[in-house]
Amino acid sequence: MALGDFDLRDLPASFYADPFLTYAALREEDPVRLMPDGSYLLSRYSDCMAVYRDTETFSSDKHAEFLPKYGESPLYEHHTTSLVFNDPPLHTRVRKTIMGALSTRALAALERQVETLVEQLLDNMAAKQSAGQSVDFVADFASAIPIEVIGNLLGVPHGDRGPLRDWSLAILGALEPQLTDEEMRRGNAAVEDFLAYLRTLIADRQANPGDPEQDLLTRLLQGEESGAQLSEQELLHNCIFILNAGHETTTNIIASAVVLFFEHNKARQALIHDPALIDCAIEECLRYESPNQLGNRITTKTANIGGKIIEAGSRITLCIGAANRDPSAFENPDTFDIARKPNRHLAFASGAHQCAGMHVARMEARLAVIGLLKRFPAYRLTAPPERAHRARFRGFERLVGQL
């Protein structure tokens with residue numbers, strides 16, 4: 001495929017359906033590509049890994065990069081305060097607190113909750129189908145699981161969870177390379193509405209603390225024994241980040257797995273007959289259809305990436321989706337192989353910024369897929385999958401099917 005004037009800010013519809021031909025061309029022809037906006041796009045596994053490992057040269061701080069994009073707006077305040085777009089010491093303080101709350105004890109309790117939730121959702125889907133209604137594996141299943149899990153972690157009352165998915169989609173949608181005025185408006189409104197809700201939730205939790213070993217919001221409020229504490233702004237925006245990151249990534253993992261096991265019947269039958277393959281299978285889903293396709297860094301000094309000299313202050317986009325299909329890192333990378341080992345994919349990034357909630361996401365995906373195949377081993381899609389037109393977050397908007 002000829003790359004031509006390839007630009008993440010102006011992508012053809014065909015790219016969203018299948019970006020992997022473009023990714024292959026990038027790796028082969030221009031693996032450290034200077035983009036029209038002056039940034040660099042990395043598509044090789046080795047180059048992305050080198051950036052992840054060198055946090056001094058490649059910063060995650062986005063103040064300089066996001067100001068021209070968002071201006072002094074709620075979106076700017078949010079994305080420059082959240083964990084993922086910051087360097088130490090803020091990144092270290094927030095990550096330590098979150099990881100402390102996701103202890104083995106907390107994860108064991110979460111796993112029991114997710115098993116029950118998956119069964120309830122499958123019951124609800126079966127009831128819908130029996131009533132003659134169509135089943136949507138995104139709305140009825142994939143997106144419902146992480147909303148409930150993160151809602152439980154933060155102690156959001158069930159009656160308050162209705163707007164969470166729409167807020168998350170609007171805020172994360174504003175991270176796409178190119179935005180319309182309407183997408184910007186929706187994103188800013190979602191941040192404002194989310195902040196207003198969180199202030200009420202936090203006031204209630206301050207008056208009625210939960211168990212800090214299982215209630216993430218209580219733990220964030222109390223801080224660490226070392227005395228590390230988040231400011232009000234840091235607390236608010238990282239609560240939004242926890243919901244957004246935990247929701248979008250897991251929704252996309254589960255939805256992609258539903259499609260992959262529908263399209264690859266041999267893999268589906270292998271997993272049904274040997275459920276012990278589930279851990280490897282989820283890792284392959286993560287590699288093959290990485291839910292997060294793009295990451296970003298900025299150089300703090302002159303750097304050599306793949307033999308190309310990059311000046312200080314340069315913006316770097318790491319193409320995770322391309323790295324996860326790099327034949328130099330994965331044998332037969334375009335083959336969906338649920339027994340693949342080793343599988344050192346970059347779906348959760350790597351190094352200091354490796355996803356803090358990756359164990360929770362893996363657990364949710366594992367229980368969702370096993371639960372679906374156990375109850376409905378012959379499920380099928382009855383309409384073409386509706387792909388979300390997003391370059392950064394790869395997933396589906398709608399998956400109509402039958403159980």
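Where does serine 82 lie? I began my notes on this predicted model with that residue, and I found serine 82 in the loop between α5 and α6 (90–101).

**Entry on helix α10.** I then looked up how far helix α10 (residues 164–173) is covered, and found that seven of its 10 residues are buried, so the helix is largely enclosed by the rest of the structure. The buried residues I wrote down for α10 are Leu164, Trp167, Ser168, Ala170, Ile171, Leu172 and Gly173. Which helices do the buried residues of α10 pack against? I noted α5 (74–79), α9 (144–154), α11 (181–207) and α13 (232–263) as their packing partners.

**Entry on α13 and α14.** I followed α13 to helix α14 (residues 265–273), where I read that the two axes come within 5 Å and cross at roughly 105°. Angles of 65 to 115 degrees count as roughly perpendicular, and α13 and α14 are therefore roughly perpendicular to each other. On the α13 side the contact is made by Phe261, Phe262 and Glu263, and on the α14 side by Asn265, Ala267, Arg268 and Leu271. Sorting this contact by class, I recorded four nonpolar, one polar and two charged residues.

**Entry on aromatic pairs.** My search of the whole structure for aromatic pairs returned 12. One of them joins phenylalanine 20 and tyrosine 23, which I recorded as edge-to-face, with 5.7 Å centre to centre and 80° between the planes. Phenylalanine 20 and tyrosine 23 are three residues apart in helix α2 (residues 20–29), and so they are separated by about one helical turn. Both phenylalanine 20 and tyrosine 23 are buried. Another edge-to-face pair is formed by phenylalanine 66 and phenylalanine 85, for which I noted 5.2 Å centre to centre and 85° between the planes. This pair links distant parts of the chain, since phenylalanine 66 belongs to helix α4 (residues 63–70) while phenylalanine 85 sits in the loop between α5 and α6, 19 residues apart. I checked burial here as well, and phenylalanine 66 and phenylalanine 85 are both buried. I also found that ring pairs link Phe6, Phe15, Tyr16, Phe20 and Tyr23 into a cluster.

**Entry on strand β8.** I asked how many residues of strand β8 (residues 315–319) are buried. Four of the five are, so β8 is largely enclosed by the rest of the structure. Strand β2 (residues 40–42) runs parallel to β8 and is joined to it by three bridges, with tyrosine 40 standing opposite isoleucine 316. Strand β5 (residues 294–299) runs antiparallel to β8 and is joined to it by five bridges, and here I noted isoleucine 298 opposite arginine 315.

**Entry on the three-stranded sheet.** I finished with an open sheet of three strands, in the order β4-β12-β9 and with antiparallel pairing. Its edge strands are β4 (135–136) and β9 (380–381), each of which pairs on one side only. I counted two bridges in the antiparallel pairing of β9 with strand β12 (residues 400–402), and leucine 381 has glycine 401 of β12 as its bridge partner.

Definitions and conventions: Residues are numbered from 1 along each chain as its sequence is written. This is a predicted model: local features need pLDDT of at least 70, side-chain atom pairs count only at pLDDT 80 or more; totals for chains, interfaces and linings use all residues. Side-chain values use heavy atoms; hydrogens and water are left out. Buried means under 20% relative accessible area, exposed over 50%, partly exposed in between (1.4 Å probe, protein chains only). Contact means heavy atoms within 4.5 Å. Axes are lines fitted to C-alpha atoms, for helices over the stretch in contact, and angles run from 0 to 180 degrees between N-to-C directions. Angles under 35 degrees count as roughly parallel, over 145 as roughly antiparallel, 65 to 115 as roughly perpendicular and the rest as oblique. Ala, Val, Leu, Ile, Met, Phe, Trp, Tyr, Cys and Pro count as nonpolar, Asp, Glu, Lys and Arg as charged, and the others, Gly among them, as polar. Two strands pair if DSSP finds at least two bridges between them. Rings of Phe, Tyr and Trp (its six-membered ring) pair if their centres lie within 6.5 Å; planes under 30 degrees apart count as stacked, over 60 as edge-to-face and the rest as tilted.
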